[in-house]
Amino acid sequence: MLQTLYDYFWWERLWLPVNLTWADLEDRDGRIYAKASDLYITLPLALLFLIIRYFFELYVATPLAALLNVKEKARLRAPPNATLEHFYVTSGKQPKQVEVELLSRQSGLSGRQVERWFRRRRNQDRPSLLKKFREASWRFTFYLIAFVAGMAVIVDKPWFYDMKKVWEGYPIQSTIPSQYWYYMIELSFYMSLLFSIASDVKRKDFKEQIIHHVATIILISFSWFANYIRAGTLIMALHDSSDYLLESAKMFNYAGWKNTCNNIFIIFAIVFIITRLVILPFWMIHCTLVYPLELYPAFFGYYFFNAMMGVLQILHIFWAYLILRMAHKFITGKVVEDERSDREETESSEGEEAATGGGAKSRPLANGHPVLNNHHRKND
């Protein structure tokens, strides 16, 4: 049965155009062709990336955070309370008013004290500023190196300047070591992101991030199997061209360098819109959707590859919407912050106001700094 499934999975008609077989892609005359077995190395490489990331965050990102004066905001911890903790873990982090009243009777606390306890408890679970900075530093470093390396791999290739040459001789297109390592490293990195996503900072687009990582892994793997390597290298470099800008903007935001963050963000927004909403659909997807049909009839691999490209494009439109929302805030003079982030809740109860001196209502904070606007709301 396993052999039957194996034979169906690797059926040439799924992966290759008509009248071509895997025998046509066997190494010969010193020419090396992509093979599925090449991807075996990506699993140990992904685990290696996780190890490298651990030491990078510990010995590079943490000292850098101290150098940039990334400071943690002191958080008041929720006092131990078995009743409230059980509800928090089993029923929800934001109880409704009826539930607050019930918990108030069960715990012997006032309704306001119960609300304050849950607010503090939620803040305890939110990732620290240092954790966010270290993650952004790691991704910035990889994306920048990957973009430079990717451009070095493709800038001297004729298909970088003429998209029709992407399919010249397809699928009998041999690979070179630089293409191999570019593919393996990119694929391994996205696998490592998928492995660590449960422990990384969770943002509002958590589900979209999972879809993106899975679609990217499938797309890179399939493009290697089906020898879509020329198109694949162009697409990967295109994506890396803006990602490092976003991560650097986050780093400066966490460090409190607001003007630098805002300026880099505007550059990122421009690059993102141009690469993801113009170049990708009107050059790259056009290249993978139209030009192949001039050489051979459509087959399953053709449909599958372009379907995955469509999934990525939908995600790009979603993220472009968030980016434009942030850009609008910047233009209107509001603080630019990551729309996907969970904001830390502030304390403004009477007891805490007295403790901080004066009973003045505390302003909402963004990374430890007051947000200078009049649109904040009371929490109690």
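**Aromatic pairs, helices and buried residues in a predicted model**

Q: How many aromatic pairs does a search of the whole structure find?
A: This is a predicted model, in which local features need pLDDT of at least 70, side-chain atom pairs count only at pLDDT 80 or more, and totals for chains, interfaces and linings use all residues. Residues are numbered from 1 along each chain as its sequence is written, and side-chain values use heavy atoms, with hydrogens and water left out. Rings of Phe, Tyr and Trp (its six-membered ring) pair if their centres lie within 6.5 Å, and planes under 30 degrees apart count as stacked, over 60 as edge-to-face and the rest as tilted. On this basis, the search of the whole structure gives 36 aromatic pairs.

Q: Which parts of the chain does the pair of Tyr170 and Tyr296 tie together, and how many residues apart are they in sequence?
A: The rings of Tyr170 and Tyr296 are tilted, at 5.7 Å centre to centre and 35° between the planes. Helices (H or I, at least four residues) and strands (E, at least two) are DSSP runs, numbered from the N terminus. Because Tyr170 lies in the loop between α7 (129-154) and α8 (177-196), and Tyr296 in the loop between α11 (258-289) and α12 (300-331), the pair ties together parts separated in sequence by 126 residues.

Q: Are Tyr228 and Phe305 buried or exposed?
A: Tyr228 and Phe305 form a tilted aromatic pair, 4.6 Å centre to centre with 50° between the planes. The pair links distant parts of the chain, 77 residues apart, with Tyr228 in the loop between α9 (206-225) and α10 (229-254) and Phe305 in helix α12. Buried means under 20% relative accessible area, exposed over 50%, and partly exposed in between (1.4 Å probe, protein chains only). By this criterion, both Tyr228 and Phe305 are buried.

Q: Which residues form one aromatic cluster?
A: Tyr170 and Tyr296 are both buried, and these two residues are among the members of the cluster.

Q: How far apart are the end C-alpha atoms over residues 303-324?
A: An unreviewed UniProt entry places the feature "transmembrane region" at residues 45-68, 140-160, 210-229, 264-291 and 303-324; positions are given in the numbering used here, feature names are shortened, and annotations may be inferred rather than shown by experiment. Over residues 303-324 the chain is 100% helix and 0% strand, with a separation between the end C-alpha atoms of 31 Å.

Q: At what angle do helix α4 and helix α5 pack?
A: Thr83, Leu84 and Phe87 in α4 meet Glu99, Leu103, Gln106 and Ser107 in α5. Axes are lines fitted to C-alpha atoms, for helices over the stretch in contact, and angles run from 0 to 180 degrees between N-to-C directions. For α4 (residues 82-90) and α5 (residues 97-107), the axes are 9 Å apart and the angle is about 145°.

Q: Which residues are in contact with Met184, leaving aside its neighbours within four places in sequence?
A: Met184 is in helix α8 and counts as buried because its relative accessibility is 0%. Contact means heavy atoms within 4.5 Å. With those neighbours left aside, the partners of Met184 are Asp38, Leu39, Ile41, Thr42, Leu45 and Trp224.

Q: Which residues does Ala215 contact, leaving aside its neighbours within four places in sequence?
A: Ala215 lies in helix α9, and at 3% relative accessibility Ala215 counts as buried. Apart from those neighbours, Ala215 is in contact with Met308, Val311 and Leu312.
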